[in-house]
Amino acid sequence: AAGPSLDKQLPIIRRERGRLLVIAIGQTLRALREAGIEPDIVHILESANVVHQLTGAGDSSNLSLVVTPSVHEGLFAVPVRARFIAWPAPNVVAVWMAEALGERGGLIQGAGTVAQSAIYLAARLGATRVLVVGQDLAFSNGRAYASGSAYGQMGFEVVGNGRFVFTNLRSKADQFGIPVADGPGPEEELVWVEGSDGGRVPTSVPYSTFIEDYRDLAPEMRAMGVEVVNCTEGGALLPGLRHAGFEEALRE
């Protein structure tokens with residue numbers, strides 16, 4: 001995922017590349033490539049036009065792209081080596097489409113975020129162990145995203161009274177063709193949650209709900225015989241998942 005802590009883990013992914021199946025969310029593709037890492041799979045589920053996550057990271061023609069049926073139509077047109085549909089089981093229309101196309105065996109459990117969907121995708125592909133990195137779901141040192149990711153130029157700043165603003169919001173809005181004035185974005189509610197290091201970390205209301213989604217994800221994965229280890233070195237504590245350093249998990 002594209003949290004600020006991804007930066008410190010990219011050199012480890014590159015060093016251990018031959019041992020890993022790398023599933024990247026679209027936002028991280030540029031950061032991975034800048035670190036000399038070509039992912040095995042890129043997963044995108046956004047219905048907004050996020051084609052720039054691929055085209056802004058260089059040549060897309062060698063990518064294996066996994067999308068859900070509700071993504072923006074542009075993602076079906078961008079040139080890639082291979083394109084697959086991940087049919088979300090909770091989506092009634094997607095299930096209907098899959099059955100009509102004879103794809104019943106390809107259903108995956110749906111998820112609210114692309115990073116969580118990538119975990120379900122890994123399990124559906126047969127993984128029995130998933131190491132999650134970059135899933136901070138929190139802000140760190142004025143940063144909202146990994147520095148080389150699609151929206152890495154955005155930051156955040158606490159403004160007091162339990163509020164924060166995203167800084168350099170225009171760097172993200174321009175990629176969507178949305179007119180935004182220079183300067184910080186509108187004030188939003190700041191939430192403090194338990195961090196993976198035992199302290200408290202700042203985050204947003206949407207991120208705090210994504211954190212809670214792991215309470216359901218963790219037992220579902222265990223029931224499927226899949227161990228999910230949170231190897232994100234920073235950010236929020238993900239409930240229900242064992243936390244371990246990336247190097248430690250790789251040694252195991």
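I'll begin with the open sheet of 4 strands ordered β8-β9-β10-β11, whose pairing is antiparallel. Strands here are DSSP runs of E with at least two residues, helices are runs of H or I with at least four residues, and both are numbered from the N terminus. Two strands count as paired if DSSP finds at least two bridges between them. The model is a predicted one: local features need pLDDT of at least 70, side-chain atom pairs count only at pLDDT 80 or more, and totals for chains, interfaces and linings use all residues. Residues are numbered from 1 along each chain as its sequence is written, and side-chain values use heavy atoms, with hydrogens and water left out.

In this sheet, β8 (155–160) and β11 (200–204) are the edge strands; each has a single partner strand, so one side of each lacks a neighbour in the sheet. From one strand to the next, the twist averages 45°; axes are lines fitted to C-alpha atoms, for helices over the stretch in contact, and angles run from 0 to 180 degrees between N-to-C directions. β9 (residues 163–167) pairs with β10 (residues 188–194) in the antiparallel sense over 2 bridges, and Phe164 sits opposite Glu188 in β10. Helix α7 (residues 205–223) lies across β10 and β11, at about 115° to β11; contact means heavy atoms within 4.5 Å.

Now the other sheet. This open sheet of 4 strands runs β1-β2-β3-β4, with parallel pairing. Its edges are β1 (23–25) and β4 (82–85), each with a single partner strand. β1 pairs with β2 (residues 41–44) over 3 bridges, and Ile23 stands opposite Ile41 in β2. Helix α5 (residues 114–124) packs on the sheet, touching β1, β2 and β3 (64–67), and its direction makes about 130° with that of β2.
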